[in-house]
Amino acid sequence: MTTLQTVFAKAKADNRAALVGYLPAGFPTKGGDVAAAAALVEAGCDVIEIGLPYSDPLMDGPTIQDAVHRSLTNGTRIADVMRTVEGVAATGAATLVMTYWNPIDKYGADRFARDLANAGGVGTITPDLTPEESEPWREASAAAGIDTVFLVAPSSTEARIKAVVDCCTGFVYAASLMGVTGARETVNVAAEGLVKRTKAHTDLPVCVGLGVGTGAQAAEVATYADGVIVGSAFIRRILDAPDEAAGRESIGTLARDMARGVRR
Amino acid sequence: MAGNGAYANDPDVHGKFGIFGGRYVPEALIPALDEVAATYEKAKNDAEFLREFDHLLRTYAGRPTTLTDVPRFSEQAGGARIVLKREDLTHTGAHKINNVLGQALLTKRLGKKRVIAETGAGQHGVATATAAALLGLECVIYMGAVDCERQALNVARMKLLGATVVPVKNGSQTLKDAINEAFRDWVTNVDTTHYLFGTVAGPHPFPEIVRDFARIIGVEARRQMLELTGRLPDAVCAAVGGGSNAIGIFHAFIGDQGVQLHGYEAAGHGLESGEHALTLTAGSVGVLHGSRTYVLQDDEGQTIESHSISAGLDYPGVGPEHAWLKDSGRATYHGVTDDQAMAAFSLLARTEGIIPAIESSHALAGALELGRELGPEATILVNLSGRGDKDMGTAMKYFNL
């Protein structure tokens, strides 16, 4: 199993940033999710985030909402998410689950952490779990040997950044802008400053997400961050493709462009 | 605020009422929530703010609202005396005006010029658009596309008041999806915008702030009941969707152990039908819209869509203070079906010449049943949270008028 620690150590040794790709479980189809993620890994993604589809995704823009809605309509359940993680982890990529808190809370934190570890998952990203509410999840994750990733934002004070990074293992997720997920024309200038501020409080890798959609943007972010996170841009291409095979080819092309970007 | 001044049952520093409440939101919103909490903390202890709020309540909202005895309606309640707290007589026709005036003043203190809000029945949207017009704030209202259709009159009112109404076409296209969309706007525009939250749900400090701005209802009603009857009521009844009108009237009575508190949720087509909004009655503890509370959800934590003939009660969550009142046993929550609510709606209109909101009709239906249980000596105070003009389209269809 590839861990986040080995991924970031290797990327650092290669003097480049890691490339992190996001896709929701059950998208574009229950069977097609692992194949799509595998296309990203083959094209150069080091880490894959598997989204756990949730009915009320507070942080997500229209593209991911659309994908998640399709996945839920297809009947994706947590067992399917775990199977997806298992399939993606088998490709050799470090595989995380990105999820809102309520599905974990309802499933049972200990059970979720254990099942995720057994599936080969290496951790979670929990966008609506604050440090204040995170203790049960950090304890469950530590017991299962998986990492916990939380988010810092441009609005975070120094005290908040410290509180968040103290709860993180694996890496810290820096939200590049004040807003929801979705590719943008430009990556917000706040991102670089946020990464600098975050690094002052931790030795953990800091990855930048929200708004990255092109190889050039990935290259720009890679100059100051340890990892570049891309989601909506891949999903948009799958949504626009005439069929699953064309979707895989399209995201492979974009991921290769991004993989070149993080190596510039 | 104005009234008895005691802040009993305040949440702890993390915004928790027991195990309920708290904050489950993206980190980007935490500083904004901290700012709102700090600004409110100062405002609620500032005589100038309280004076300004009180002035608006009296000269603009039309407070104090009166109590009305409804003897002909009460005949159907086994002779128990039912008294209505007339929030329908406020400006814009519902209790929502109290909270929006308070939060609009707070918006100015925050130095922000734009407010966003979510709305189900449209009453909170209308109230927000009204307060925004009064105080010169830009106003955007998120409303489920389904609700836009069934509350077309309120959509027109909001537009006339200068607000932009955004129909939300995600998910169930009702209140919960409007809240999600409003949060997305807020996280994007938090520097310039205050999210004028409409009920006692959501992340801390909203449940506390909305409660405090709505509690004038109970403060007035408690005093007025003592003047009218010489004693406190045996029971207080209110409808519960998110729970703002119910907390508003309950709060002044929480310390009066002899006063029963009864909340009435929308049972829609009945519990067995699966088409209801019985969050406290049939939901389970979870997290929705930034708060730990009772939620209608499946075994994997996915929100289940709710149903009610009343758009204002069609919400799969509920305020955390209600969750705490339920678990502590201080308040009791019941279900009232669409048919029961519409029967009470019609009965009040025909016996007393008052057309209530369909939301409030759930509390009226509950009071009829409670009156028969408590007997003819009992006095029951019902929060008539709003007037029914907005619901005439629904009533016309239901009664084939």
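**Ground rules.** I call a residue buried when its relative accessible area is under 20%, exposed when over 50%, and partly exposed in between (1.4 Å probe, protein chains only). I take helices (H or I, at least four residues) and strands (E, at least two) from DSSP runs, numbered from the N terminus. I am looking at a predicted model, where local features need pLDDT of at least 70, side-chain atom pairs count only at pLDDT 80 or more, and totals for chains, interfaces and linings use all residues. Residues are numbered from 1 along each chain as its sequence is written, chains are lettered from A and ligands numbered from 1 in the order in which they are written, and side-chain values use heavy atoms, leaving out hydrogens and water.

**Entry 1: helix H6 of chain A.** I went to H6(A), residues 109–118, and found A:Ala109, A:Phe112, A:Ala113 and A:Leu116 buried. They sit on the same side of H6(A) because they cover an arc of only 95° around the axis, taken from the directions from the helix axis to the C-beta atoms. Just after H6(A), A:Gly120 has a positive phi of about 95°.

**Entry 2: A:Phe171.** Next I looked up A:Phe171, in the loop between H8 and E7 of chain A. Is A:Phe171 buried or exposed? A:Phe171 counts as buried because its relative accessibility is 0%. Leaving out residues up to four places away in sequence, I listed its contacts (heavy atoms within 4.5 Å); among them are A:Leu4, A:Phe8, A:Cys207 and A:Ile229.

**Entry 3: where the chains meet.** Here, 36 residues of chain A contact 33 residues of chain B. The area buried (accessible area, 1.4 Å probe, that the two parts lose on being put together, summed over both) is about 2,900 Å², with 48% from carbon and sulfur atoms. On the chain A side, A:Leu58, A:Lys106 and A:Glu133 lose the most area to chain B, together 23% of what that side buries.

How many salt bridges does the rule find across the interface of chain A and chain B? I note six, each a side-chain nitrogen of Lys or Arg within 4 Å of a carboxyl oxygen of Asp or Glu. One joins B:Glu27 and A:Arg160, whose closest N and O atoms are 2.9 Å apart.
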